[in-house]
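Here are my notes on this model.

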There are 2 protein chains.
Amino acid sequence: MSLSEFDVISRFFSRCGVPRSDVALGVGDDGAVLECPPGAQLIAAIDSLVEAVHFPKGSPARSIGHRALAVNLSDLAAMGAQPAWALLALALPAAEETWLGEFSAGLDALAREHGVALVGGDTTGGSLCVTVQVLGFVPRGSALTRSGGRPGDVVFVSGTPGDSAAGLLLEQSQLTVDDPAQAQWLLDRFRYPTPRVSLGLALRGLASACIDVSDGLLGDCGRLAHASGCGVQLDYATIPLSPALRAAVGEERGRRLALTGGEDYELCFTVPESRLAQFLEAVPAAEFGWTRIGALSAAPGAAVQRGGAVMEISARGFDHFSAK
Amino acid sequence: MSLSEFDVISRFFSRCGVPRSDVALGVGDDGAVLECPPGAQLIAAIDSLVEAVHFPKGSPARSIGHRALAVNLSDLAAMGAQPAWALLALALPAAEETWLGEFSAGLDALAREHGVALVGGDTTGGSLCVTVQVLGFVPRGSALTRSGGRPGDVVFVSGTPGDSAAGLLLEQSQLTVDDPAQAQWLLDRFRYPTPRVSLGLALRGLASACIDVSDGLLGDCGRLAHASGCGVQLDYATIPLSPALRAAVGEERGRRLALTGGEDYELCFTVPESRLAQFLEAVPAAEFGWTRIGALSAAPGAAVQRGGAVMEISARGFDHFSAK
């Protein structure tokens, strides 16, 4: 059965996410009409997922819907923003009901979890390309940025980076893991990343800088340091590894995946020594799942200390346009 | 020479459009930080252009940059909004300097014309797909919508629809026009459509409903009527034709292109009889270039009156997913 563009929007996207009282007019007109809260600054981000670039051909539609919103919520999290609204631009080769149902269910579930309303969109034919644009808020002057770090600030990362990279290797049959539960867990870390929204909110007023880890921890951490006019030194032994990743690929390869893999959507952030005690009390590791991994330095560059030596790892991360 | 994703952003997009004092933080962090004006509602729209769907392969990059923003500004115009900010998600097969220079020049020129700042974006590999998201403002409660029309309201259209459809036929070598100046003019109506932003602003408080004409005048006019709980009757003889279109394809085919072609990015709007005098004075045709083409009716459906008869024309407009 062939669905028209209007069927697609009304059946799958007109009631996606939560209803919000600050949406005066949502999906269905030329634009959405939205109420910004007084005293707040608007935070806006946009990110695309392209088939065969950001996910393998044939990935589950539910995962694509989840990830398209998750990668954007992760950007809001890195700014310390409270998510509010999203817009979706969807190019797809054919309007297939099962696929659209699964895709919108993935998007809808994550939107509901974070109180987000889908307020507008565009659907068109084309190669599968999903662009989501998110809008959120911070109290004026309280946005986290990449550029506020200073030498000596302590560097933290949330979660266990590298799991997503291992999940992608599993998805592409480039890795085998004996334990099916661990394999599924790693796969799900790739397919259903968790945007660290509540951590981002908790870090307002405490973190000096923050970035979301999408292109590899070392590269993104280096970007934060560079934007802050610093360098960064990470301590190899402290890079957190999940039990599943350690069991699947061992400690050595696991740490390399953690440092240079991509698509983690964790937060890497810095806290000045002067605010450490306050941070430890307000943002406990037991609740927010972060690990201390290093410090910003006055000398530029991103380095990883192992024992007494400095490891050399390509810090480039994933770059879409560089020659392989 | 191969450009990295970071080179692409810093060289071509970090200073696109005008600087604005309401942009606290623009391109280069995880999100933009923006100041919403008090007393205003935010208007948000998103639209994609996909190669071989919305423009032929090999179209000039400058035109693609212009159109990607123009189709979005047209959505803001239809809401009566003052444009402020834009975000760009660009998927492209290769980072080619000449192409990027032309693309960003097209986007930049139109952004400057409308006082828009490019505040964020995402670039990735993939088939050429350009998604722009725009944000603008209306004084609270003054947004134009599709749903405010009532039976008897007079229907107007801006500009001369059909020119863009003829321009696309020229671009695809499916039409030949003897006069090179007229051919170029039609081609430019496709390549460089004019978003009717100042008309949209002038219509606030006067128009009862408004829609932008992107999928064909008759279809979009029917959509406005449907959203308003009405039908619409258009008068065939009044559908405006440009001299170039008339010369190129004759009156009969010209009117059919005007009614069912697409990609016009004109505004179709309705004005109640009670506000007609005020409208004629405040929004003169000589300045804003509109034509009266019909009226909303109590009976549903979209019809075109010609002499005493009702013409049958497929009112579906362009639908990306229906079987041909």
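1. Two strands pair if DSSP finds at least two bridges between them. Strands (E, at least two residues) are DSSP runs, numbered from the N terminus. By that rule, β8(B) and strand β10 (residues 266–271) of chain B run antiparallel, joined by 5 bridges. B:Asp212 has B:Leu267 as its bridge partner in β10(B).

2. This is a predicted model: local features need pLDDT of at least 70, side-chain atom pairs count only at pLDDT 80 or more, and totals for chains, interfaces and linings use all residues. Residues are numbered from 1 along each chain as its sequence is written, and chains are lettered from A in the order in which they are written.

3. Chain B has an open sheet of 7 strands, in the order β8-β10-β7-β11-β9-β12-β13, with mixed pairing. Its edge strands, β8 (209–213) and β13 (309–311), each pair on one side only.

4. Now the interface. Chain A and chain B each put 63 residues into the contact (heavy atoms within 4.5 Å).

5. The rule finds 6 salt bridges across the interface of chain B and chain A (a side-chain nitrogen of Lys or Arg within 4 Å of a carboxyl oxygen of Asp or Glu). One of them links B:Asp29 to A:Arg146, with the closest N and O atoms 3.7 Å apart. On the side of chain B that touches chain A, strand β3 (residues 40–50) gives the most, with 9 residues.

6. Strand β2 (residues 32–34) of chain A pairs with β3(B) in the antiparallel sense, over 3 bridges. There, B:Ile43 is the bridge partner of A:Val33.

Methods: Side-chain values use heavy atoms; hydrogens and water are left out. Helices (H or I, at least four residues) and strands (E, at least two) are DSSP runs, numbered from the N terminus.
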